There are 2 protein chains.
Amino acid sequence: MTERKRVTILDVSRATGLALSTVSNALAGKNHVSEETRATVLEAATRLGYRASTVARALRMQRSFTIGVLVADVANPSSPDFVRGVEDVAIREKCTLLLSNTDGDEERQLLHMRTLLDRQVDGMVLISQHVSSPAVRALLDASTPFVLIQRRNPLFPDDYVGSDNVIGVSEAINHLHALKHRRIGFVRGPSDSSTAGERLETFLAEAKRLRLKVDDELVFKGDYGFETGVAAGRHFLRLRRPPTAIMGSSDINALGVMEAALESGLSIPGQLSVVGLDDIALASFRAINLTTIHLQKRAMGAAAADLLIERIRQPDRTPQELIFPTRLVVRGSTAAPALPEAPRLRA
Amino acid sequence: MTERKRVTILDVSRATGLALSTVSNALAGKNHVSEETRATVLEAATRLGYRASTVARALRMQRSFTIGVLVADVANPSSPDFVRGVEDVAIREKCTLLLSNTDGDEERQLLHMRTLLDRQVDGMVLISQHVSSPAVRALLDASTPFVLIQRRNPLFPDDYVGSDNVIGVSEAINHLHALKHRRIGFVRGPSDSSTAGERLETFLAEAKRLRLKVDDELVFKGDYGFETGVAAGRHFLRLRRPPTAIMGSSDINALGVMEAALESGLSIPGQLSVVGLDDIALASFRAINLTTIHLQKRAMGAAAADLLIERIRQPDRTPQELIFPTRLVVRGSTAAPALPEAPRLRA
DNA sequence: TGCCATACCAGAAACGTTTTTGGAAAATCG
DNA sequence: CGATTTTCCAAAAACGTTTCTGGTATGGCA
């Protein structure tokens, strides 16, 4: 409404009768500016309501104090946790977050990456994004610092924050094995996700060690979404010899499996055990009560942001990888199977 | 790594031998630039990998192509839905989103608002934020366009997008009444939320119409969070005459109530009916199966963003308010009470 | 009293755009 | 063929900072 013009540093300069540069120095707390001068400047600045233009500063300093964050799906409750971690250090570093959804789609990811680069973000955090294709690599090599979370390509020595998939998954399978489950279904995450791959490998290796047979039909390929969980659940339950337990690639995945089980009239954990992965807040609610593998999402987000800050400060630092431990949280969605061998059930 | 310098419009100018302004015009598709010249420019631009600096443009045009979004809590699954709606139109308008969490805390909100203003966002969308305090109003009056979602102060004629709280809430209470519930607990959202206030008023009015007695102990005050739901549930269930049904101020709220009920060993809906508000994706999962009031969150977000764009284009347009209808979605968390009068239960 | 170092301040350049203004060449019209 | 319009292009200003370079008092010291 009130057609106010922006009050600039020049106004402060004029108001105080001091030079532009002096005002700038005084405000930045730099160099040798007498306390008296500084006080004068500060007083005038607040009196006039002066606020420095971040965009002018960004142009001059070639630094935008902005961090870009790419996330596959904010709707998945685990995403905000990671973002929160990034936000924690962003605030500490006086940076702002530019957050974008890619829906796991590479085109969208490329689009958003270009936008971030155009905006001259100081760096970016890529959470479960595509990291291998030539197009993506080209953008990553654009000399803007970046850190990867939960998905990488070992061929490229990037800064990376991930979770220890071996511990969590093997704990989970051993838990199920101890409960006397002998047929376990596994939902595999996105095919180009390093994390999803590691988890499957661990699962297969551990199954072998435990002398569990894992035929192909016991591995369902999809993504981290609910629909994949539902589809996987339906698939598994329709098998001639359905598994007595199913491990999801995410909690949301596991909820999808539950959905399929419930729609078939199966009770959990009575007739089917389900284990998730993420440990979203929901998982601990009694209405859900999901046995799952806990990930330190917020800490991982913060660690990634810290790594990013380091790299921004020191672009030639050798890349680091940080692997966070995981642990199984046993809740109510797992129990001993009803029979040594699961009964045949049809949807 | 590769210490590349940014390729600027000047480089394109030099490469083509054309003037800066000509290149700019050609790229912007402006004025009268011959097709041939334009082709030359475009070719050179892509060949050199030129990308315009958004920050330089922002400084010059006094327009950042950025929209700030303030949200109370991204972790609440209803937030991303609103944001998604805003994002939809932001992409259409070639704007980027600057998203911040305020945790419902006014100080944090002020901090983030100032940051957004410093960054010269073209406008902002405030979802369930504080809108009345002098400090907030001062910032809102800073002549940067804004739109409110779900919380406003009728004293100020702001652009506003809300939901029809009358329909939804009265549908819900009538549903419960029809099921023969006579004592209904109500969880009230944040005390300074207009939406929460309207809902309570509707609840009380409709209860009166139905000749239901609503003593003070049947209204619990809190926020939209899970903990409030748990506290409310415990409070209600500890009453001498506990309600047979409880309405939450959000789905997460309702989940909290469920939590409290389950921890007391009550079954839902057998011994307690629960209704939520939001209709988050989770609510429809069989494991939850929550009767709730549906809100068109994404559409509301998009509508707010549209309003914002309009106001940016036309700052003096008279403020509009858009109210979206709501409707009750009956699922499995509501049923007839076990007894005409609820049995006495102690936690 | 004169010189030098120090402490502070002023002016100007630079960041990469868009936009305005002006000007030259080409085309049209009288 | 000259004048006027049209079409395009060149130069320069502006956006609001930070920072570099240089300069002027002021104080201390000889």
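The second largest cavity is lined by Val74(A), Pro80(A), Val83(A), Glu87(A), Leu97(A), Leu99(A), Val74(B), Leu99(B), Ser100(B) and Asn101(B). A cavity here is a set of points, on a 1 Å grid over the protein atoms alone, where a 1.4 Å probe fits but cannot get out, and lining residues have an atom within 4 Å of a point. The elements that give two or more residues to this lining are α5 (78-92) and β2 (96-101) of chain A together with β2 (96-101) of chain B. Helices (H or I, at least four residues) and strands (E, at least two) are DSSP runs, numbered from the N terminus.

Please note that this is a predicted model, in which local features need pLDDT of at least 70 and side-chain atom pairs count only at pLDDT 80 or more, while totals for chains, interfaces and linings use all residues. Residues are numbered from 1 along each chain as its sequence is written, chains are lettered from A and ligands numbered from 1 in the order in which they are written, and side-chain values use heavy atoms, with hydrogens and water left out.

The volume of the second largest cavity is about 70 Å³; a volume is the space filled by probe spheres set on the points, and grid points are joined across faces, edges and corners. By class, its lining has 7 nonpolar, 2 polar and 1 charged residues. In this scheme Ala, Val, Leu, Ile, Met, Phe, Trp, Tyr, Cys and Pro count as nonpolar, Asp, Glu, Lys and Arg as charged, and the others, Gly among them, as polar.

How many cavities of 30 Å³ or more does the count come to? The count comes to 12. The largest cavity holds about 250 Å³ of space. Its lining consists of 14 residues, and Thr66(A), Arg119(A), Val55(B), Thr66(B) and Arg119(B) are those that lie nearest its centre. Two or more residues of that lining come from α4 (54-61) of chain A, and likewise from α4 (54-61) of chain B. The lining of the largest cavity divides into 6 nonpolar, 6 polar and 2 charged residues.

I turn now to helix packing. Two packed helices are described by the angle between their axes and the distance between the axes. In chain A, the axes of α8 (residues 165-178) and α9 (residues 194-209) come within 9 Å and cross at roughly 40°. Axes are lines fitted to C-alpha atoms, for helices over the stretch in contact, and angles run from 0 to 180 degrees between N-to-C directions. The angle therefore makes α8(A) oblique to α9(A); angles under 35 degrees count as roughly parallel, over 145 as roughly antiparallel, 65 to 115 as roughly perpendicular and the rest as oblique.

The crossing of α8(A) and α9(A) is right-handed. A crossing is left-handed if the near helix is turned anticlockwise from the far one by less than a right angle, and right-handed if clockwise. Where the two helices meet, α8(A) contributes residues including Val166(A), Val169(A) and Ile173(A), and α9(A) contributes residues including Glu198(A), Arg199(A) and Phe203(A); contact means heavy atoms within 4.5 Å. The residues of this contact divide into 5 nonpolar, 5 polar and 4 charged.

In chain B, the axes of α8 (residues 165-178) and α9 (residues 194-209) come within 9 Å and cross at roughly 40°. The crossing of α8(B) and α9(B) is right-handed.

The axes of α1 (residues 9-16) and α2 (residues 20-28) of chain B come within 9 Å and cross at roughly 105°. Therefore α1(B) and α2(B) are roughly perpendicular to each other. Among the residues in contact are Ile9(B) and Leu10(B) of α1(B), and Leu20(B) and Val23(B) of α2(B). This contact has 6 nonpolar, 3 polar and no charged residues.

Finally, the backbone. Which kind of peptide bond runs from Ile268(A) to Pro269(A)? That bond is cis, with omega near 5°, and Pro269(A) lies in the loop between α11 (251-263) and β9 (273-278) of chain A. Ile268(B) and Pro269(B) are also joined by a cis peptide bond, with omega about 5°. Ser128(A), a residue other than glycine, has a positive phi near 50° and lies in the loop between β3 (123-127) and α7 (134-140) of chain A.

Note on methods:
On a 1 Å grid over the protein atoms alone, a cavity is a set of points where a 1.4 Å probe fits but cannot get out, and a pocket is an open set with protein on both sides within 12 Å along at least five of seven lines; lining residues have an atom within 4 Å of a point.
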